[in-house]
Amino acid sequence: MEYPFTKIDVQILKLLEDTIRTIPDHPVKGIQFKDITPLLKNRDTLEITKRLLARPLRPLQADYIVGLESRGFLFGTSLAQDLHAGFIPVRKPNKLPAETISVTYQLEYGSDSVEMHKDAIEIGSRVIIHDDLIATGGTAAAATTLVKKLGGVVVGYSFILEIEALEGLNNLEKGVPVYSLLKV
Ligand code: AMP
């Protein structure tokens with residue numbers, strides 16, 4: 001998160017970091033999977049995470065939070081409610097029922113496509129892209145392409161966790177603020 005942290009924030013963030021567990025070799029060998037389910041299970045870390053995610057996003061005056069399937073949905077809708085914005089899902093292929101646009105991208109493991117409803121975004125809408133984690137940045141970059149194709153403006157990115165070594169931020173829209181609560 002690129003804004004000053006208080007001493008208490010730093011202690012709270014350490015607690016959140018300790019709550020996220022690493023599962024080696026999931027879903028494939030060599031991947032250190034960051035599992036946020038313990039953070040979701042605990043009522044205090046659940047609430048604190050939402051509050052800390054929302055705090056730097058308020059000034060961005062977003063019209064929409066775009067949440068990335070599937071763990072981007074977990075905080076995406078509550079963040080949208082907090083910011084008095086709408087929520088738009090970006091989903092894996094063939095999940096959305098109405099007419100969609102689609103982009104193919106590279107994952108840390110494999111490749112995939114993502115889709116968004118064609119009528120999801122009005123031209124000039126201010127959009128924040130949210131996911132639980134940024135690794136290579138491929139998914140968030142694909143979501144950026146979808147938003148821009150529909151005439152939206154990406155005004156911020158929000159993640160719980162950033163895997164710094166993979167330099168995913170390089171794949172995001174230049175000059176747009178990125179708020180990652182934790183960096184590993
Ligand atoms: P990427 O497109 O490489 O930035 O990958 C981000 C997406 O893949 C997010 O939706 C994450 O939930 C998931 N992901 C990638 N790597 C990991 C990891 N090491 N642990 C947990 N989720 C991951």
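Helix H5 spans residues 138-149. Its 12 residues reach 16 Å from first C-alpha to last, close to the 16 Å expected at 1.5 Å a residue; the expected span is 1.5 Å times one less than the number of residues. Helices here are DSSP runs (H or I, at least four residues) and strands are runs of E (at least two), numbered from the N terminus. The model is predicted: local features need pLDDT of at least 70, side-chain atom pairs count only at pLDDT 80 or more, and totals for chains, interfaces and linings use all residues. Residues are numbered from 1 along each chain as its sequence is written, and side-chain values use heavy atoms, without hydrogens and water.

H5 is mostly covered, with nine of its 12 residues buried (under 20% relative accessible area, 1.4 Å probe, protein chains only). Among them are Gly 138, Ala 140, Leu 146 and Val 147. The buried residues pack against strands including E3 (64-68), E6 (111-117) and E8 (153-162). Just after H5, Gly 151 takes a positive phi of about 90 degrees.

Now to a helix pair. H3 (residues 43-54) and H4 (residues 72-82) pack at about 55 degrees, their axes 10 Å apart. The axes are lines fitted to C-alpha atoms over the stretch in contact, and angles run from 0 to 180 degrees between N-to-C directions. H3 contributes Leu 46, Thr 49, Lys 50, Leu 53 and Ala 54 to the contact, and H4 contributes Phe 75, Ser 78, Leu 79 and Asp 82 (heavy atoms within 4.5 Å).

Methods
Buried means under 20% relative accessible area, exposed over 50%, partly exposed in between (1.4 Å probe, protein chains only).
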